[in-house]
Every structure is written in structure tokens, then in C-alpha cells.
Amino acid sequence: MIDAAQIWQYLEDHTDEFLRTNDELLSEIDRLRKSATLASSRDARELRTDLQWPSARHGAFPSEEWRQSDDHWLPFDSGVSTDASRREWNSWAERVLKGLTTFAVDGSQIYPSSDSSIPLAAVQVGIFENPHLGTGEFKRTAKFTPISPLELLANETDDVALQDAVNERRHRLEVETLIDWMRSVGDKPGKRLALFDGTLIISFSTTLRPNYVRSVLDLVEASEETQTPVLAYVDSSRARDLSQMYSWLDNGAPTRLIDGVMLPESQWLQRTPAFICARGKGLENYESRGRHNDIYFLYLRSSRDALPARLEFPGWILRSGRLESVVDALRAEIIAQGGGYPYAFETADAISVLTARDRDRFRDVFRRFAEQRLPLRSPFRYRSRPKIRSKIWRR
């Protein structure tokens, strides 16, 4: 058990460091907000020229939604006051979602056990499809997929751990599930929205990054081909795209300030205009399929008392004039959940979760299979480690 007194003493000993960092960040906020105010007096074409459109990577470019105003937030007129009752907001959300089918996925995984020399893992994707018919009809399903030893070992190298391979397989299954749904209903009339809990901009470093990029670009292209909007939702984004854009317009220096902190306060459910992502690192390999300037983003005040959420989406949604209705649908999902997180994601997450009992059951099935079907002297036989046996007896 951690010692709270020890942690408190550490914080006390480093108070000056915290205060100094705080002052630096406050100064950075002031600098970038002044840069944003200056930028607001200029039109999008002029700003794009200064930001060296279309090839430079200075964080972001303004889209055609750019407005010359004193702050970043677009007005949101739902006809319901921000302090209205929950019943009034729910009524608005029901009107927005009526006849719209939303489809959300979320994943979970079982990593290979160190109790066996043969790696066997699994991923599970929770699926929540809601046609919003007002009758309570919806589909809640889970797709469970074991990952074979051959697939895992094919990906394991000095640079790729088995857990990384499992994480990439989970991501791929989530994306494939969304694409399959888009294509299955792509030629049918009706309103649809696919929801992806994650990012479309793969800027994290991993040897498997090309696989992630390929999956994301497949998703973006399927969305445009089937005219099915997809929104990627990042609840706690550490992105610095807007901050970097305004810093470049000011003096070109890099910045540590994340967008959510740089943005001024706003009313609940307001959003920023859309921007085109031009991150310095993260859009490599997107140009090969013509998508390096086609991933857009905006920020939405999804919670009254938290930093705004980040939404990412393919540019065709804005160009087709559908962005506001798509964001309204997400607003309605947030209202339905009541706590600032879209209801569809919360439900898909609950479906996808693999509990400790699920993991134990999965490994027990493999243990029994190994005992019955593999040779007695096989190195792939399942062997319980003394450490595990000790934990079982202690608990």
C-alpha cells in the first residue's frame, strides 16, 4: 500500500517547481490567446497562406468554417436554455436522434499468459447499434476473436512485444467491425452515424504504426464511399494542434500547451469551427492515399466542468454540409448519458469488457486443451508458476 504521507512530503519538497511550471504555463496561455485574437481578425485564406498551405505542418489549418470573431466557439442554438431541466434536454435529444441509427464499438483484450510458452490471446469488441425508433429496440452484441499463436509470433520481434501485437489486433477488429457495418447498409436509405472511440491521427510511436494507419485510412475511405459519417471521439486529448498553429503565427516557437487548456471557457455543448489537422508528426503515410489534409477536427464542450472533448472526422462530412447535424447527434448522445460521455460509447464499453473471470475461463479452456491434445513433453504444455500458486493460496 502506498504511503500518503510520503507522497505529501514529496509534493511539499517540490512546491517551488510546481509554482514555477504553473507560472510558465499561464504565460503561455496568455501568449497563445493573444495570437488567436490577432488571427480572428483575418480570413481563412490569408491565414492559410501564412501557415504555408498545403504542404507545411504547423499544427492546423483553418477550414471554411473559420469565423472572424473574438473567441473560438460557434453559437449553439438548440432552443433549450443551458440551465433547462433534464426533461427538456432529453426531449431535444429525442427529436435529434429520431430515425438516426448510431453504431458504436469498443474493445477489450486478453494478453498471452506467461504461464505457457505458447502465446494465445484474444480480443473482444462490444457492438451497440441503436436505430432510435422510440420503441426501445437496439442491438447489443459482442464479437470475441482468439488470436492464434502463429499470428502473434509472426508479429513478435525485438521491437514489438506480444502485448503491442494484441493491442493492434484489437484496434483492427474495432475498425473492421465499423467498416463491415458501413458497407452492409451503405446502399440503403436512412440516417446513420458510426462512432469510433479513439483517434484518426496515428502519432504514437510503434513498429506496428503502418498497420494502424492502414486501418484508419480504410475507415475514412469506407465512410466517404458509403456516405456514412464517422466521428472519432477523444475524451482526454493531449493534442497541441491549435496551440502549435497559434504559436507558429506568433513567433514560430514550439509549445507544450495542450489545446484544451489553451481554449477559453464556453457554454455547455458549444463547439469550435472545424480545423484541418497539420500535425508535424502523425500524418506520415497519409499522403500516399491522398488523406494528409483530409483529417479534420474540432473541440466540443461535452461536459460542463471538464476540458473539451476532441472530435476527428473525414473532410467530406464538412464539405457535404452535414457536419452540424452529425455533431448534434453526438450532443444528443451526451445528453442521453447525462455525464458528458456519449451514451453509445458507454454502452459499447460495458458490452466489450472482459472480466478477470472471463480471462481465467479462457486460459482454463486452453490449459485443458493442452493437457488433452498436446504431447506430454511438448514445450507448449501449460504449467502453473509457483508465484501464481502462492497468490492463490494467500488470497
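Biologist: Which residues of helix H7 are buried?

Modeller: They are Arg209, Tyr212, Val213, Ser215, Val216, Leu217, Leu219, Val220, Glu221, Ala222, Ser223 and Thr226. Buried means under 20% relative accessible area, exposed means over 50%, and partly exposed lies in between, with a 1.4 Å probe and protein chains only. This is a predicted model, in which local features need pLDDT of at least 70 and side-chain atom pairs count only at pLDDT 80 or more, while totals for chains, interfaces and linings use all residues. Residues are numbered from 1 along each chain as its sequence is written, and side-chain values use heavy atoms, with hydrogens and water left out.

Biologist: What covers the buried residues of H7?

Modeller: The cover includes helix H6 (162-185), strands S5 (191-197), S6 (230-234), S8 (295-300) and S9 (309-314), and helix H10 (315-319). Contact here means heavy atoms within 4.5 Å.

Biologist: How do you know that arginine 183 and glutamate 225 form a salt bridge?

Modeller: A salt bridge is a side-chain nitrogen of Lys or Arg within 4 Å of a carboxyl oxygen of Asp or Glu. The closest N and O atoms of arginine 183 and glutamate 225 are 3.1 Å apart, so the pair meets the definition. The pair links distant parts of the chain, with arginine 183 in helix H6 and glutamate 225 in helix H7, 42 residues apart. The structure holds 27 salt bridges. Side chains of opposite charge can pair when their charged atoms come close.

Biologist: Are aspartate 328 and arginine 331 buried or exposed?

Modeller: Aspartate 328 has a relative accessible area of 18% and arginine 331 has 1%. Both values are under 20%, so both residues count as buried. Their side chains meet in a salt bridge at 2.8 Å, N to O. Being 3 residues apart in helix H11 (residues 323-337), aspartate 328 and arginine 331 are separated by about one helical turn.

Biologist: What makes the nonpolar surface patch, and which helix gives the most to it?

Modeller: Patches are made of residues with over 30% relative accessible area and no salt bridge; like charges are joined within 9 Å, and nonpolar side chains (Val, Leu, Ile, Met, Phe, Trp, Tyr) within 5 Å. Ile2, Ile7, Tyr10, Leu11 and Phe18 make the patch of about 530 Å². Helix H1 (residues 4-13) gives the most, with 3 residues. Tyrosine 10 lies in helix H1, and its 47% relative accessibility is over 30%, so that condition is met.

Note on methods
Helices (H or I, at least four residues) and strands (E, at least two) are DSSP runs, numbered from the N terminus. Accessible areas come from the Shrake-Rupley method with a 1.4 Å probe; for residues, only the protein chains shown count as cover.
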